[in-house]
Amino acid sequence: MHLSFRALSLSVLLALPASVRAVFQDEVGHIDYHHELLGVPQRETTFFHRPRTEEKASLLYTLSDLGVLGAVNPSNGALVWRQLLAGNITDGGGFLRAAEDQTWLVGAYGNAVSSWDALTGRNAWSLNSNGVVKDVEVMEITERGGKDVLGLFQEPGATVTRRIHGTEGHVVWEHREVNKDVPLQVSTSLDKVFVVTLHGSLLSYGLKVMVLDTLTGKKLDEIPLGTKSEVQSPQDVMFVGANSAAPIVAWTDNGLTKLKVNVLGLKSKQEFDLPAGTVDVEIHAPHTIQSSPHFLVHSRTKSGHKADVFHIDLKSNVITKAYELPLIEGGSAFSTSSSGANVYFTRVTNDEIIVTSSTSHGILGRWPLKSGAEKLGALHGVSEVIKKAGDSYAVRAVAVTDSDDWTQVVNGELGWTRLEGLSGAVAATWAEFPQSEDLARTLEAEAHGNPLSAYVHRVKRHVNDLQYLPAYLQSIPQRLLSSIVGSEGTEAADEVTRDSFGFNKLVVLATKRGKLYGLDAGNHGKIVWSKNANETPSGRHWDVKAIHADNTKGFVTVRGSEGQFIIVKSDTGKTVEAMPSSLFPPVDGAVVVDSDAGPWLLPIERDGKLADVQIAWAPKQTVVTRTGDNEIQGFNYVEKDELASAIPIWSFSPSAGQHIVDIATRPQHDPIASIGRVLGDRTVKYKYLNPNTIVIAAVDNKNSVLSTYLLDTVSGEVLATSSYEGVDSNKDITCTLSENWFLCTYYGQYQLRDSQAQKIKGYQVVVSDLYESELANDRGPLGDAANFSSLDPVDFPTGPALPSVVSKTFILSGPITSLAVTQTRQGIAIRQLLAYMPESHSIIAIPRMLLEPRRPVGRDPTPAELEEGLAKYAPAIELDPRMTVSHARDVLGVRSIIAAPAILESTCLVFAYGVDVFGSRVTPSQAFDILGKGFNKVTLLATVAALFVGVVGLGPMVRKKQINMRWQAPM
Amino acid sequence: MLRSIPALPLAIALQALSLLFSPASAVTVTLSIPPSPQIPNPAVLPPSTHATLTALGASFLAPLTTDNTFVFRNVTPGSYLGDVHCATHGFAPLRVDVISVAAGDDINKVGGADAGLHIWETFRGNDWENKGEEIQPATVGGAFPVKVLGSKIYYTERGSFSVFTILKNPMILMGLVSLALFIGMPKLVENMDPEMRAEFEEQSKKNPMNSLMSGPQPGSNPMGNFDMAGFLAGQGSGSKDESEPSSGNSGKKGGKR
């Protein structure tokens with residue numbers, strides 16, 4: 001059997017048509033681009049750490065707001081490794097700690113605590129719990145000599161503290177306190193473990209500290225702190241100092257006028273005044289046990305910020321204010337760095353970096369920022385201060401800026417910048433560069449004007465164009481040279497323009513943090529513009545429901561779920577119109593409709609309701625909305641008084657017990673080059689090409705049955721339906737639809753209804769082709785009709801012309817999600833299925849030829865079928881790495897893939913977004929209309945030159961010989 | 001809203017959550033990547049390498065640990081499809097059967113010694129009951145080794161330009177040989193002794209092709225008495241006499257036969 005499997009996979013590989021070709025190594029980085037991102041680093045979970053004690057170099061670690069745990073090389077900003085900590089994309093939070101002089105990091109999210117090797121990014125251990133992890137701390141000193149991890153868990157009705165073995169990951173002891181407290185943080189000093197919880201009810205909490213024994217986890221003491229109802233919410237507690245000689249807990253009152261600090265283990269608290277108008281307080285303290293017990297209180301006001309440094313007396317446990325750093329206008333980021341007992345505070349303001357020691361207010365180093373025009377706008381950061389010979393210091397700080405970038409500043413010089421703002425993208429669209437429309441418009445105006453004036457206009461235009469001639473002539477030699485040596489630098493183009501191949505397109509990307517970006521797809525995904533498009537309250541994300549580019553106007557419209565929308569210019573990002581949230585009713589989505597006033601984005605309100613619109617803006621098509629969890633309705637707009645209102649014309653619900661999991665619609669650009677398929681025997685099978693179709697996938701959770709429905713959107717008629725048993729409704733079920741075929745992918749486990757009962761298990765894809773008739777050379781009930789109507793039954797009385805469906809199921813070697821289909825300008829090139837492989841972190845292009853339902857089963861293809869390119873059906877499709885568009889790149893967390901046609905028929909532009917941003921070009925039928933990198937111009941020229949030399953050199957020789965012959969006497 | 005990616009791992013998380021306190025029949029499955037000819041040093045595998053166990057309504061995920069193993073905790077009884085996902089190497093799919101063991105046994109009893117855990121190779125697209133060889137743990141109660149199929153190839157080689165590939169072309173070789181003849185022949189002829197030379201020139205006079213190649217002969221047009229059609233038909237125009245002995249020759253041969 002083993003052999004047959006080998007033979008099988010070999011036959012599958014051989015069945016791959018020749019058009020499947022992998023990426024060429026020399027095209028990497030030329031046709032594709034990839035922003036390897038982490039997400040915006042969070043303040044509490046970002047730090048420098050030495051992965052190996054014996055080496056001096058440290059790496060920068062972060063757990064980002066997307067739940068990506070990663071290590072970055074601080075010298076160049078390159079990614080060393082990354083992991084999705086919780087296995088999926090998260091919404092902020094999580095914990096990350098590193099143990100001094102240890103090779104591991106410990107991270108926690110949700111219910112799991114896991115430890116990772118700091119240098120390789122490998123998992124060391126993971127521990128799942130029944131509750132939610134509320135805090136994780138490293139226990140620096142243990143009786144064993146190693147370091148352990150303290151985890152604080154909130155389980156139903158109990159607060160659980162666990163000490164976990166640092167290298168092996170088993171629980172050393174567990175302390176369970178049955179109460180309704182809100183566990184807040186855990187902290188440790190040399191000999192005690194402190195668990196800080198909130199006691200009481202919502203809006204009137206009191207702080208409580210439990211003191212546990214480090215060896216056994218037995219409760220030693222319980223200290224209530226402050227008065228009851230002093231704390232309103234967990235957010236009011238600013239900081240619980242960890243691992244310092246004197247850990248503290250600090251909280252503020254509700255009005256942010258006073259800061260209250262308690263040294264953990266004591267019953268007393270000390271109060272300090274905050275500056276008037278404080279809006280935000282942060283506390284920075286060193287995290288190592290040997291550092292001096294000093295901490296810095298950073299208070300932000302509306303206009304500026306200041307900082308106060310406090311010292312804790314270890315003997316008397318009295319906190320005294322040591323000094324203060326002056327109030328500076330604008331924002332800044334503070335960070336601590338410690339070496340031995342010394343603690344340094346680094347202040348990154350908009351125009352300089354200041355390093356002070358925690359002991360005195362004397363400035364140790366001050367570097368003005370040489371950042372150029374743009375101000376830094378640091379929000380928070382981390383820093384490393386190194387004392388050099390004498391009294392000089394060096395500092396490198398890495399700060400998160402208000403543009404969501406992560407920037408390194410070394411002694412005032414801007415180092416690398418990681419564009420972390422691009423991560424967490426929720427929507428994107430392709431947009432054309434608008435400027436060449438001007439020329440088209442001018443030409444049109446000339447064509448329609450009075451001939452004489454048009455001529456004058458044209459001459460003027462040409463004379464005007466002459467001013468570009470010298471520059472053009474000057475550029476010729478350089479362009480020629482670069483063209484020959486093949487170093488055509490797209491980097492040189494500062495201004496973004498269209499190109500004759502259609503590779504230069506804009507991608508407008510919206511992120512969940514409310515930022516909009518314009519990326520140049522033809523220039524390695526460089527950011528053309530970026531802007532803050534959505535002011536969201538913290539913790540709320542921009543839930544983009546629809547994005548649409550209007551290429552005739554050059555506008556991009558982005559609609560959010562709260563009714564807000566923004567219209568920007570696609571090339572500059574300038575706001576044309578913006579509407580804040582909650583002025584308009586919340587929307588479920590938006591669709592592009594055609595109207596007398598042109599195409600526009602029609603908002604769909606909650607539960608699929610459609611508002612009345614002006615008659616000029618009334619959609620001409622049937623609008624299909626999802627009106628309930630399990631209902632889809634089709635609406636037509638009819639005139640009513642001055643307005644047009646939507647009237648439901650049909651509704652569809654799947655069978656009882658099923659709920660809709662996916663709805664696939666046709667891509668907007670879906671040209672069909674040929675209405676039929678020519679078979680090997682020269683007969684034609686006509687494709688069923690109904691532009692008004694959608695595919696609905698509905699699943700029955702109880703019986704694990706997936707049903708797919710092909711729906712005519714004009715009549716609401718079900719054109720085709722099929723059910724699949726044993727489909728896992730918890731795993732991804734996605735469908736896509738293009739041309740005359742649709743496919744769905746799911747995880748299935750079922751018994752074949754075959755003579756020999758066979759069981760099948762795995763990820764599958766079912767592909768269905770639609771033809772007008774089962775027979776070749778036959779158009780079924782349509783006959784020779786050029787048009788057809790969804791509403792007119794053709795072969796009355798059986799109903800409308802139903803397509804003939806041919807289906808095949810294939811087993812895939814892994815799951816695929818985020819399906820898309822390649823688009824080319826005319827639709828002549830064959831199509832490929834684009835999909836994200838979430839397990840392999842890559843984007844794959846599966847040729848349609850491989851997913852062909854007409855492949856012969858159980859026999860070898862006949863010569864006629866071979867001519868068509870049909871290979872013998874093999875149930876398994878190995879997702880060959882050579883089919884991956886992203887080749888060896890690790891593209892993390894793709895949410896969606898969008899495709900757009902280039903001007904060249906062979907080429908389709910691909911863009912994927914999610915955590916990472918990746919873009920490339922695919923040529924499903926090979927690059928038949930463009931010379932690739934394989935076309936060596938130097939060789940060509942060298943060959944021509946060699947031939948020329950040969951001709952020039954041999955010519956005289958031949959002539960000489962002939963003349964000599966003439967002069968020879970005839971024999 | 002980030003539906004596409006989290007759906008699967010979320011299920012794992014939920015699974016794990018619900019399973020912590022029902023360990024009576026849950027098992028720990030440990031797979032390992034031993035050093036092999038394909039992967040001499042498994043420590044260099046990328047950290048994104050992970051393994052999954054999937055079945056209807058269940059999935060588990062385990063990242064690659066520092067010991068080159070994948071540890072699935074609290075796996076409920078069932079028959080799972082095991083896959084190892086690695087960016088650099090391909091691995092054979094596995095069938096992992098976790099059979100409910102008696103309630104007295106606990107999770108600490110892991111590995112192959114336990115009657116509750118069997119692992120086979122499986123063949124994609126084949127019947128699930130069609131199992132390959134059963135995989136035995138390296139040590140009793142230890143990890144089950146997974147089989148490497150080979151390293152993944154992502155790129156195709158572009159046909160690179162080299163002078164030798166051009167020289168290997170038969171057309172070029174033919175051209176070179178005729179070039180050598182064209183240049184070398186007259187020199188050769190000059191170096192011949194007069195007798196041979198005369199004989200050779202006599203020969204080349206008879207051969208129309210030769211005279212054609214060596215340019216127009218003064219006095220007589222070489223094309224004048226050259227019958228192209230006849231030449232192509234295989235009979236030299238000026239060599240009727242020559243063809244006769246050859247035909248006679250063949251006749252002799254025939255006679256011999």
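What pLDDT does chain B average, and what percentage of its residues score at least 70? In this predicted model, chain B averages a pLDDT of 73, and 63% of its residues reach a score of at least 70.

View 1. Among the elements of chain B, the lowest mean pLDDT, 40, belongs to helix α1(B), residues 7–19, whereas the highest, 94, belongs to strand β2(B), residues 50–55. Over residues 103–113 of chain B the pLDDT is below 50, and this stretch has 23 contacts in the model beyond near neighbours in sequence. Residues 236–257 of chain B likewise stay under 50 in pLDDT, and for them the model has 15 contacts beyond four places in sequence. For the complex, the predictor gives an ipTM of 0.85 and a pTM of 0.85.

**View 2. Helix α4 of chain B, residues 194–206**. This helix has 13 residues and reaches 19 Å from its first C-alpha to its last, which is close to the 18 Å expected at 1.5 Å a residue. Helix α4(B) is hardly covered, since the count of buried residues among its 13 residues is 0.

**View 3. Overall layout of chain A and its domains**. The C-alpha trace of chain A spans about 115 × 90 × 75 Å along its principal axes, and the chain has 6 helices and 65 strands. Of the 971 residues in chain A, 45% are buried; among contacts between residues at least 6 apart in sequence, 52% join residues at least 24 apart. Chain A is divided into domain 1 (274–418), domain 2 (434–485), domain 3 (585–653) and domain 4 (936–971), and the C-alpha centres of domain 2 and domain 3 of chain A lie 44 Å apart.

**View 4. Helix α3 of chain A, residues 451–465**. The end C-alpha atoms of this helix are 20 Å apart, which agrees with the 21 Å that its 15 residues should span at 1.5 Å a residue. Because the number buried among the 15 residues of α3(A) is 0, the helix lies largely in the open.

View 5. Leaving aside neighbours within four places in sequence, Lys515(A) is in contact with Asp404(A), Gly421(A), Ser530(A), Asn532(A) and Ala533(A). Lys515(A) and Leu119(A), by contrast, are 33 Å apart in space, C-alpha to C-alpha, and 396 residues apart in sequence.

Methods. Residues are numbered from 1 along each chain as its sequence is written. Chains are lettered from A and ligands numbered from 1 in the order in which they are written. This is a predicted model: local features need pLDDT of at least 70, side-chain atom pairs count only at pLDDT 80 or more; totals for chains, interfaces and linings use all residues. Two residues are in contact if their C-beta atoms, placed from the backbone, lie within 7 Å. Helices (H or I, at least four residues) and strands (E, at least two) are DSSP runs, numbered from the N terminus. The expected span of a helix is 1.5 Å times one less than its number of residues. A residue is buried if 20 or more other C-beta atoms lie within 10 Å of its own, exposed if 12 or fewer, and partly exposed in between; C-beta atoms are placed from the backbone. Domain bounds come from an automatic or database domain assignment. pLDDT is the predictor's confidence in each residue, from 0 to 100.
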